[in-house]
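This report describes a predicted model for a reader who meets it for the first time. It begins with the way helices pass one another and then turns to the chains, their contact and their cores.

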Amino acid sequence: MLVKYLLATIVAGLFAGILLTPAMYVRNVPLILHAEQFEGEGGHSHESDHAAQGAAATPHEHAEEAGAELPLGRLGNTLLINLVAGAGFALVTGAAALFLGRRITLQNGVYWGLAGFFIFNFAPAFSLAPELPAMPAADLAARQTWWLVTVLLTAGGLYLIVLKDFIWAKIAGIALIVAPHLYGAPEPDNLTSPVPPTLASEFAVSTLATNLFFWAVLGISLGWLLQTYAQSELEV
Amino acid sequence: MAATSTSNTISIPLASRMATAVVSLLLGVFIIYGVGMAHSDMLHDTAHDTRHSYGFPCH
């Protein structure tokens, strides 16, 4: 077991998770709080003709404020989750590099970060835009399935494009990346939303910018930490 | 490969990095699933803002 490698990976993830938290509070969290004011206002008036989809289309049937969250406060919970999530994305990135026999370094770290951003944020968001609370949305399980399939196809496509030299591999890679968008993400039958469209468009852009920042920090710190502390484990 | 001081490839064989790669991947996937997709109320409510901000399908 390459213990230093694993530890350096986790530390890089925790660091990126810490920095993600204030970045989220610049735009994303204020927009989420604003959107939550519209929860319970809409979504119920258009249900009569969509009784079958009612359960799926009704935004947010559970109360957010009286939730089952950990008792750390909103900021504390988000910081905790970001730390854990940062470690998770770092571990997956580090694992990919090990499988591929590639080294993440200070010089190429930002490209690993950009790849992660493209796979986990940009590609899914292209057809399934980041949602605010109270926005209409299709069935949760269907959206999660689409998100997961898109992430896997995009990762496979990027691998074929970047790491294979054959022209056919690159064409296949593009096809894999485009396929989920041609298929289309699940959409709600009724797009009427109680959330003002300006908030939604601002949120879509601000989340992508925030996540780009997160992945750039993650990639660079992964490269620096692995190069500084785990280099010896990767040499014969 | 360019003559840089740090190589971009790992010189140890796949067999000796496979265990770490598998552990790292499984742990990472487990964490991402818990943060972003698990249907537990406790996880959902705690991770709420991160799920929205990260673009995970939510609600």
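Helix α1(A) passes helix α8(A) in a right-handed crossing. The residues that form the contact of α1(A) with α8(A) comprise 18 nonpolar, four polar and one charged. Helix α8 of chain A covers residues 197–229, and its axis lies 8 Å from that of α1(A), at an angle of about 150°. Angles over 145 degrees count as roughly antiparallel, and α1(A) and α8(A) are therefore roughly antiparallel to each other.

Helix α1(A) has a further partner in α4(A). Helix α1 of chain A spans residues 3–26 and helix α4 of chain A spans residues 73–100; the two pack with their axes 7 Å apart, at an angle of about 135°. With that angle, α1(A) and α4(A) are oblique to each other. The crossing in which α1(A) passes α4(A) is right-handed. From α1(A), the residues that make this contact include A:A12, A:G13, A:A16 and A:G17, while those from α4(A) include A:A85, A:G86, A:A90 and A:G94. Sorted by class, the contact of α1(A) with α4(A) holds 15 nonpolar residues, nine polar residues and no charged residues.

| Helix pair | Angle | Distance between axes |
|---|---|---|
| α1(A) and α4(A) | about 135° | 7 Å |
| α1(A) and α8(A) | about 150° | 8 Å |

**The two chains**

Chain A contains eight helices and zero strands. Its elements, taken from the N terminus on, run α-α-α-α-α-α-α-α. Chain A has 236 residues, of which 43% count as buried. Among contacts in chain A between residues at least 6 apart in sequence, 84% link residues at least 24 apart.

Chain B has three helices and zero strands, and along the sequence its pattern is α-α-α. Of the 59 residues in chain B, 44% are buried.

**Where the chains meet**

How many residues does the contact take from chain B and from chain A? Chain B gives 37 residues and chain A gives 57 residues. On the side of chain B that touches chain A, two or more residues come from each of the elements α1 (14–36), α2 (41–46) and α3 (48–54) of chain B. Helix α1(B) provides the largest share of that side, 13 residues. By class, the side of chain B that touches chain A has 18 nonpolar, 15 polar and four charged residues.

In soluble globular proteins, nonpolar side chains tend to be buried together. In this model, the largest nonpolar core has 62 residues, and those with the most contacts inside it are A:A12, A:A16, A:A90, A:L132, A:L218 and A:L222. At least two residues of this core come from each of α1, α2 (28–36), α4, α5 (109–127), α6 (140–163), α7 (167–183) and α8 of chain A, together with α1 of chain B. The element that gives the most to this core is α4(A), with 11 residues.

What is A:A90 in contact with, leaving aside its neighbours within four places in sequence? Its contacts are A:T9, A:I10, A:A12, A:G13, A:A16, A:L218 and A:L222.

**Two individual residues**

Residue B:Y54 has its place in helix α3 of chain B. Is B:Y54 buried or exposed? A residue counts as buried if 20 or more other C-beta atoms lie within 10 Å of its own; B:Y54 has 28 other C-beta atoms within 10 Å and is therefore buried. Leaving aside its neighbours within four places in sequence, B:Y54 is in contact with A:N211 and B:G36. The C-alpha atoms of B:Y54 and B:G36 are 8.4 Å apart, although 18 residues separate the two along the chain.

Residue A:V205 lies in helix α8 of chain A. A residue counts as exposed if 12 or fewer other C-beta atoms lie within 10 Å; A:V205 has 12 other C-beta atoms within 10 Å and is therefore exposed. Along the chain, A:V205 and A:P130 are 75 residues apart, and their C-alpha atoms are separated by 8.9 Å.

Notes. Residues are numbered from 1 along each chain as its sequence is written. Chains are lettered from A and ligands numbered from 1 in the order in which they are written. This is a predicted model: local features need pLDDT of at least 70, side-chain atom pairs count only at pLDDT 80 or more; totals for chains, interfaces and linings use all residues. Two residues are in contact if their C-beta atoms, placed from the backbone, lie within 7 Å. Helices (H or I, at least four residues) and strands (E, at least two) are DSSP runs, numbered from the N terminus. Ala, Val, Leu, Ile, Met, Phe, Trp, Tyr, Cys and Pro count as nonpolar, Asp, Glu, Lys and Arg as charged, and the others, Gly among them, as polar. Axes are lines fitted to C-alpha atoms, for helices over the stretch in contact, and angles run from 0 to 180 degrees between N-to-C directions. Angles under 35 degrees count as roughly parallel, over 145 as roughly antiparallel, 65 to 115 as roughly perpendicular and the rest as oblique. A crossing is left-handed if the near helix is turned anticlockwise from the far one by less than a right angle, and right-handed if clockwise. A nonpolar core is a set of buried Ala, Val, Leu, Ile, Met, Phe, Trp, Tyr and Cys residues joined through C-beta atoms within 7 Å.
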